[in-house]
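Good morning, and thank you for coming.

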Amino acid sequence: MEHQTNSCFTNYSCKDFITVLSGKSPVPGGGGAAALAGAIGIALGNMVGSLTVGKKTYAAVEKDIIQCKKKADDITARLLDLVEKDAEAFEPLSAAYGMPKSTPEEIEKKAEVMEAALVGACEVPLEIMRTCAEAIDLIETFAEKGSKIAISDAGVGATLLKSALQGASLNIYINTKSMADKEAASYQAALSALSYRIYGTDTKIFDSGIICHQLPQESPRSIDSAPLADAILNGDTTRIKDYCSAFFDSLFFVRMPPPNYIFGMFLFLISNVQKDIAITVHNRTVQKKLITQTVCRLRNVSLQQKAADS
């Protein structure tokens, strides 16, 4: 089945959608697939709700579950709509890539059109990320209050939503690489904020209060690793604990910073501590040799003096 412009991909059968997705046409692509994965994920949460409503065991939470199901219906509709919108957003970008660039005027015009197309191409995956983040919160409620016999379905739904969120983030990343710095920075900030959601959900699916645009207070340049290296060399466990505790606290400028920020800062600290220790050990070794040589010389001078006196 070949793709036709303005086709409604969400009306395709599963088999037909997979066939079109695996073909030569650039749409549907990764963004549409991410949105569809998210829609399937929240549908699984909704299924947990359906298995809960009407059961005497869950009568106390039935009203809550019914409200959650209404929200899930809305999120599903939005994600399915985003499957289509992602394909629509790619068409101007595809046309922009094909524009001529033989003259300075053509180059300038292409850059202008490309920038607008890239902005449009980022808006849809960003909305997919926002919607998936909202859906993850809802899945948590289904898992906590819904039928326990379907708890694994809620887990599968949460996993699909997390994957959809990660997939959409890749589209933003690749598009911002081609943007002017100012435009790219604004989308990268939003991408970083929503990326707080890309965390393991084995024990807790984090709520939307975690999403934050605040910039980190610490940077690799602000790390002073010398005190930690000195404490390690001297075996001072109290100073080691105090330093690590303070360093860890400084990284949590929000409840849940981006994982790549935490990893990068710890990697930088460890690297610097290793370097500091190596330099200190080397210096101590050199100093020890100098002291040994000095002692030997003094001893030789002393022996020579005694021999002369006798």
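First, the conventions. This is a predicted model, in which local features need pLDDT of at least 70 and side-chain atom pairs count only at pLDDT 80 or more, while totals for chains, interfaces and linings use all residues. Residues are numbered from 1 along each chain as its sequence is written, and side-chain values use heavy atoms, with hydrogens and water left out.

Let me begin with the fold. The protein chain has 9 helices and 0 strands, where helices (H or I, at least four residues) and strands (E, at least two) are DSSP runs numbered from the N terminus. Along the sequence the pattern therefore reads α-α-α-α-α-α-α-α-α. Of the 310 residues in the protein chain, 36% are buried. Buried here means under 20% relative accessible area, exposed means over 50%, and partly exposed lies in between, with a 1.4 Å probe and protein chains only. Contact means heavy atoms within 4.5 Å. Among contacts between residues at least 6 apart in sequence, 70% join residues at least 24 apart.

I turn to the interior. A nonpolar core is a set of buried Ala, Val, Leu, Ile, Met, Phe, Trp, Tyr and Cys residues joined through side-chain atoms within 4.5 Å. The largest such core has 42 residues, and those touching the most other members are Phe9, Ile42, Leu79, Ile128, Cys132, Leu138 and Phe142. At least two residues of this core come from each of α1 (14-21), α2 (30-50), α3 (62-97), α4 (104-145) and α5 (151-176). The largest share is that of α4, with 13 residues. Another core lies apart from it and has 10 residues, including Leu228, Tyr243, Ile262 and Val273.

A word on cysteines. How many disulfides does the model contain? The count is 0, a disulfide being a pair of cysteine sulfur atoms within 2.5 Å. Cys132 is buried at a relative accessible area of 0%, whereas Cys14 is exposed at 68%.

Next, helix α8. This helix has 15 residues and reaches 21 Å from its first C-alpha to its last, close to the expected 21 Å; the expected span is 1.5 Å times one less than the number of residues. Its buried residues are Tyr243, Phe247 and Leu251. Seen down the axis of α8, these fall within an arc of 70°, so they line one face of the helix. That arc is taken over the directions from the helix axis to the C-beta atoms. On the other side of α8, Lys241, Asp242 and Asp249 are exposed.

The structure holds 1 aromatic pair. The ring centres of Tyr243 and Phe247 are 6.4 Å apart and their planes are at 10°, so the pair is stacked. By the rule used, rings of Phe, Tyr and Trp (its six-membered ring) pair if their centres lie within 6.5 Å; planes under 30 degrees apart count as stacked, over 60 as edge-to-face and the rest as tilted. Why are Tyr243 and Phe247 separated by about one helical turn? They are 4 residues apart in helix α8 (residues 237-251). An α-helix has 3.6 residues a turn, so residues three or four places apart point the same way.

Two further residues relate to Tyr243. Ser225 is placed in the loop between α6 (181-194) and α7 (226-233). Ser225 is buried, with a relative accessible area of 4%. Leaving aside neighbours within four places in sequence, Ser225 is in contact with Tyr243, Leu269, Asn272, Val273 and Asp276. Ala231 belongs to helix α7 and is buried at 0% relative accessibility. Its C-alpha atom is separated by 9.0 Å from that of Tyr243, which is 12 residues apart along the chain. Not counting residues up to four places away in sequence, Ala231 touches Asp236, Arg239 and Ile240.

Finally, Glu106 is found in helix α4. Glu106 counts as partly exposed, at 28% relative accessibility. With residues up to four places away in sequence not counted, Glu106 touches Pro100 and Lys101.
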